[in-house]
Each structure stands twice: as C-alpha cells, then as structure tokens.
Amino acid sequence: MTNLQALPPFRLGVCYYPEHWPESMWDDDFSRMKELGFSIVRMAEFAWAIFEPEEGVFDFSLFDRALDSAHRHGLQVILGTPTATPPAWLTQTYPESLNVTLEGVTLQHGMRQHTNHTSPIFLELCARITLKLAEHYKDHPALAGWQLDNELNCEMAVFYSESDHQAFRLWLQKKYETLDRLNEAWGTVFWSQTYSDWSQVHLSRPTASPKQPNPHLALDEKRFISDSTIAFAKRQADIIREICPHHWITTNGLFGHLDSHRLTDELLDFFSYDSYPQFSSIFYDEKEEAPLYDRNWSLTLTAVRSISSNFGVMEQQSGPGGWVNRMDMPSPRPGQMRLWTYQSIAHGADMVLYFRWRTATVGNEIYWHGINDYHNKPNRRVREAGQIGGELARIGDFIAGTRNQASIALVRDYDNEWDGEYDVWHGPFSWQSGKAWFKAMQRRHIPNDILYLRESNELADLLAYKILIYPHPAILREETAALLEEYVRAGGTLIFGCRTGYKDERGHCYMLPFPGTAASLTGISVDDFTRIKGTRKPVDMRWHPTVPDANGASKPSLAEGQAEDVAAILTRADEFNEILQVEADEVTVEAVYASDYYAGKPAVTRRRVGLGEVWYFGAVFNPESAGHLLDRLHAESPTEEWLRLPAAVELTLRSGNSGTYAFVLNFGDEPAAITVLTPKVDLLSGSTIHGEYKLAPYDVLILMA
Ligand code: GAL
C-alpha cells in the first residue's frame, strides 16, 4: 500500500545526528542544508539514552532545541523511534531483553539491535518511549512523520532468547492447535523427533550437525520471526497513529525473515529503503560475466517498489562506506552520487535523504562518509549534493506521484525465499535465475517489476503484466497454481523453471510426478532429473530454429532425436536438468538437450492454454537463455520506436498525471552513444534532444516521452 497523500511533493534531505555535534554547529548545518536545496532531515533513531537517561526519567531538551532550530530554517523533520539502541541501564536491569544466538550466547550492550522482539518488559519499555516521544512532539510544527525503529532485522534476523522460545510455542499452538498436528506438519516421524509435550518444542538449537534443524521447523521459524517483528513494530505504529493522526509512518530497510509487504499494508503509509548501491559493486561474483555492479542494485529497488509503488529512501549513499573493521569501500566517482540518487528516483522514490550530513568522528562508523568531511569545508560531495538539490527543486514535483511502468514481472514469494535459505536444492537457483532475467531485460532495456505472490493477490494483480516469470517455485500451493492457471487462461504468458511445484506450504514433497501442482497447467511431467555438479558438467539446450510468431501461432515440435539436424541455437542448461515428457497434445517442444544420456529429450516446452501460454524450462536460467526466451516472446523495449540505447545504459519509465518520463541512466565510465529518433525534451536540462547524443559517464537524462 502506498499512501500517495503522504509522499508528494518531492522531498530531498539528509540524516542528521544533533547529538553528535556541538550545538554551536547546528544553525550553520541547517542553513547549509537549506542552501543545498534540502527540505527534510531525519533524526533521533539512535537517541534512546538521551531521551531516557535513567529508567523512567525523560529529557527531551536536546531534541527540542534541534527540532526548533530545524524549523527556524524551514526544514521538516522525521523522527525515528530509538528502539534499535536501548540504553545500557535497560539491558543491565532487564537482561531478558537481550537477544541470544543459536548457540546460546547472550548478546551484550555495545552495538545495536542486540535485543529481542518478544520479551514483555522490552516491549513495554519500547512502547513507553514511543508514547513519550509521540506525546511530546505531536504538535511540533517541524514534524512530518515517523520512522519505526531502524532497519528491522538488520544486524540479526534470528532470535533465540527464552521469550522467543516461549512465544514460538504460543504461535505454534495457535497455528496447529494440537501437538499431533504439529508433529504431522513437521514430519517428526522422521528420526523419532515426535514431541510428546509442548515444553519440548523450541526454535532451532544446536544439533548434531551444528545448524541442521528440521526443515519444516526452519520454515515455520522464519514465519514466526516475521510475525513477531511485525507485532513489535505494530505496537509502536498503533501508539503513533492514535496520538499523531496527521503524521505519516514509515520504516526503512529490506531485511531477512520479515514480510515487508504485510508490514507495510498493515502498519505504514509507505515503505522506505536504505540505498547503498556500492554493496553491489564490492560484493559481486568475480566469476560472473559482464556483471552489472551498482546497476544490479536496481533489482533490489524493484523489489522495494513491489512493496510501495512510491517509496522513500531514508538513507542514500553519499560517500564511501566503511566501518572501522569492515566494508572498506572505494569513493563514488564524481557523478556517481547523483547517478545513484536518480537510480532511486527512476525506480519509484519520491523522497530521498542522504546518509549522512557529516561523517561521524567517533564510533564504529568513522569511515562511513557523509556529504561533509570531518573538516566541514566544501568538498566535491557537497557540491554534487547542491547540484542535485537545485535540479530536484525544479523537477522533483513533476516526478513525485508518477508510477513505474512495466509489462513483465519476476514473481517471488516469501515461503520459497525462506524455505530456500535452508534448502540448497532450490533456494540458490531462484537468486541465480532472478539475476539472469534481470540482466537479460536490462540489456534489452525492458523495464520489469517484481510481483510478490501472497494469499491476498487477485487475478487483476497478475493481469497487470503480459509476462510473469516464476523461476523456481518449489513450494506451490494448489490455490496459487489455480490462480496462475486463471492468469494464463485470461491471456497471460507464464514461465516456470526447473524445481517447480513439488512441495506444499509445510515443505512436504507431494507424492506426484514433478512438477507437482504445476503439472496439469504445463502439460508435462519430469521423466528424469539430475543436479549439475562436480563431474556432471552442464549440457546445452538446442532450441527449435523457428521462433513462434508474435501471435504465438503453433509450429511443429522438435521431434525426439532431431537434436543433431537443426541449425543450432544453443544455450547452457545450468545447475539442474529436468528431462521433460510431454503429457498433453497442445504442448510443443521448444528446445531439447544437446548431449549426455538425455540428448534429444525435451528441455523446454510451451503450451497454449485459453488465451495465454505457459512455458516450462527444465533448468536454471542464465542471461543467454533468459534473453533467448525474451526474443522468442517478441518482448521489446517500450521505447523501441524512438530511442536506441547501448547496453551500459538503464531505462525505466514513470508515468502519471504530469506525463511520462523515460529515465536514461549511464552506469558506465565511458560516454554512452544514444539515438533519439523523435525529438524529446530532457526534463533535467530543459533542452530538446534529437538524433545522436553522447551521454557522459554517470550522467542522466529524463526524457519526456
Ligand atoms: C544503515 C544504518 C545506518 C548506518 C548505515 C551505514 O544500515 O541504518 O544507521 O549504520 O547503514 O553503516
């Protein structure tokens, strides 16, 4: 859900920590923020020890003065609830608030997020500080909205304190009612794990092979963590809603074991994200061909957009990142901070705040560089921020409220993500295939969305897309399979990869031929299969030389054994090979395996069903096979008629009442040669572009389409 009223007009701003600086600096800081074109600051999300220096003793004076000063300079304020950093007195007095690792080690004061989300006293103290803050600041004229906590589940996304074990038991009792049903759901008959009393039931604990819980427990554990994190945030949201009905509420970050869609639907006005694209540049796979580096971050921003069509960025990278002992990142090149800002906006951000105003001189983050350096003199990051501030002051309001446009969506769901964290027989495949499709679409300048399938989804949500790619839904409920069938019958094109449909929502394997609940729709079965690993080298798929026409008119199938005869279009069949068997008349074989004992056997099938079609691809996708499928489906860039872009450039489209904007982002360190076939106005410069145009490294165009 996005509450668009909460977002426009466009806001640019910065994270500011008044408690880190002498008060004599504040006025100058706020006035320079204004000069750069900023209109909003976020503060207080780590300041619990300042607000409540002793239990039950509250002191708002420092932030009163900070908010007043920000207000005098015409800046709005976002206040964070400070619950990610409880004071030392709290965990000393109430050690039951502390989180515990799987191995049973209790985490101690000294970092942040070292507490759990279930201990009753901690929940109460969090509720009280939230209430005090809301009551105290509800009428402050600078206050625009609230951020709940900070990056829920970031430092740790598992919780094993005593109160978590107890809460898990209650959660299970609600879900399963009886121990018999729990035993059945977790398959405890295997290895004599049967529970005979609820007190024997725990979250994961160290086992004979260290981290080897029952897989069905492991899946429920993640659902439980998500529910308790949402309940933790809800207590705060409910308090703020009641006391501050005119302020909006958000939270920031996309972290593990948290259904951020439900969190947003139930608690927030809009979701926010913390955008640090350089994580994609420093942690890329060195073996990957033509990696996307920082552009790969756009895939994560796409996931953020699936939660909130228009979102906030509470922390936008503005300098090299680093902690004292890790994450030593290079400096963004001149222009990259601006590029990354527009990358967020191109994907749906209507509010962007930089992290942070000035680099901290103390603590773990003395190398997480902000806009200003310690010396506080103008530097190139300050100048770049000023350029962006000037631009967005002119154009931001045109863009705010417009929505991203895409006709293809990658489908994901939490059950498979969480099950796949543990299950190496499908989990890693989804990440590889998702990235492969993303890369193939990026190279062809086809903007895509991500659709998280949830029980609340209706047919219309699916029909918003011409093509849905659901790479490896190992868990596929019958109801989900039925909804997908409706989508295909109504005209959609659906693509599955290997390992589809063989588990139910508990993670039990169906006693059905693969692909289980997807078999009747796809009209195939999996005759044989193998993991590709060690001595089992990947084989190729040989594609039918005739590409189906744009209307999908049928053509002869590849006959078995024909593999050697046809002109070769080959793509590699990675990671897992399923040898398919055609079970229904309308199925055509689009590719066969090219070698090994299954040479000539079907690898990719397609079936017309109703007005649409369903494809089954018997392996894990790579950019080449995904790209070839896009070509076979005649998928092309929405700007095909008027814009020619080289591969180094990303394209997104945002559209709304004020018009349609084509964001053209050059992620390359070389100028990009683009061609604009019909004259278009660039919103950033106001000039009309026609014909050949050289887009400078890291530069951006926003063409009014
Ligand atoms: C974010 C966090 C910030 C800061 C930043 C740089 O994850 O919300 O508080 O720590 O990373 O490390």
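Buried denotes a relative accessible area under 20%, exposed one over 50%, and partly exposed the range in between (1.4 Å probe, protein chains only). The legends below describe a predicted model, in which local features need pLDDT of at least 70 and side-chain atom pairs count only at pLDDT 80 or more, while totals for chains, interfaces and linings use all residues. Residues are numbered from 1 along each chain as its sequence is written, and side-chain values use heavy atoms, with hydrogens and water left out.

**View 1. Two residues, Asp-149 and Glu-575, have positive phi without being glycine**. Most residues other than glycine have a negative phi. Glu-575 has a phi of about 65° and is placed in the loop between strand E16 (570-573) and strand E17 (576-582); helices (H or I, at least four residues) and strands (E, at least two) are DSSP runs, numbered from the N terminus. With a relative accessible area of 25%, Glu-575 is partly exposed. For Asp-149, phi is about 50°. Asp-149 belongs to the loop between strand E4 (143-147) and helix H6 (162-176), and its relative accessibility of 3% makes it buried.

**View 2. The peptide bonds Phe-355 to Arg-356 and Phe-514 to Pro-515 are cis**. Most peptide bonds are trans. In the bond from Phe-355 to Arg-356, omega is near 0°. Arg-356 lies in the loop between strand E8 (349-355) and helix H13 (380-399). The bond joining Phe-514 and Pro-515 has an omega of about 0°, and Pro-515 is found in the loop between E13 and H18.

**View 3. Gly-497 is a buried loop residue**. The loop that holds Gly-497 runs between strand E13 (493-496) and helix H18 (519-522). The relative accessible area of Gly-497 is 0%. Apart from neighbours within four places in sequence, Gly-497 is in contact with Tyr-470, Pro-471, His-472, Tyr-616, Phe-617, Ala-619 and Phe-621, where contact means heavy atoms within 4.5 Å. Ile-371 is 126 residues from Gly-497 along the chain, and the C-alpha atoms of these two residues are separated by 44 Å.

**View 4. The whole structure contains zero disulfides**. A disulfide is here a pair of cysteine sulfur atoms within 2.5 Å. Cys-244 takes part in none, and the nearest cysteine sulfur, that of Cys-126, is 17 Å away. Cys-244 is buried at 3% relative accessibility. Cys-498 is likewise in no disulfide, its nearest cysteine sulfur being that of Cys-509 at 14 Å. Cys-498 has a relative accessible area of 0% and is buried.

**View 5. Helix H8 (residues 215-243) crosses helix H14 (residues 414-422) at roughly 130°**. The two axes come within 9 Å; axes are lines fitted to C-alpha atoms, for helices over the stretch in contact, and angles run from 0 to 180 degrees between N-to-C directions. H8 is therefore oblique to H14, given that angles under 35 degrees count as roughly parallel, over 145 as roughly antiparallel, 65 to 115 as roughly perpendicular and the rest as oblique. The crossing is right-handed, meaning that the near helix is turned clockwise from the far one by less than a right angle. From H8, Pro-215, Ala-218, Leu-219, Lys-222, Arg-223 and Ser-226 meet Asp-415, Trp-418, Asp-419, Glu-421 and Tyr-422 of H14. This contact comprises five nonpolar, one polar and five charged residues; Ala, Val, Leu, Ile, Met, Phe, Trp, Tyr, Cys and Pro count as nonpolar, Asp, Glu, Lys and Arg as charged, and the others, Gly among them, as polar.

**View 6. H8 also packs with helix H9 (residues 260-267), at an angle of about 20°**. The axes of H8 and H9 are 10 Å apart, and the two helices are roughly parallel. H8 passes H9 in a right-handed crossing. Asp-227, Ile-230, Ala-233, Lys-234, Ala-237 and Arg-241 of H8 meet Arg-262, Leu-263, Glu-266 and Leu-267 of H9. The contact has five nonpolar, no polar and five charged residues.

**View 7. Helix H12 (residues 336-346) and H13 cross at roughly 25°**. Their axes come within 9 Å, and H12 is roughly parallel to H13. The crossing of H12 and H13 is right-handed. Among the H12 residues in the contact are Met-337, Tyr-342 and Ile-345, and among those of H13 are Ile-388, Leu-392 and Ile-395. The contact divides into eight nonpolar, three polar and four charged residues.
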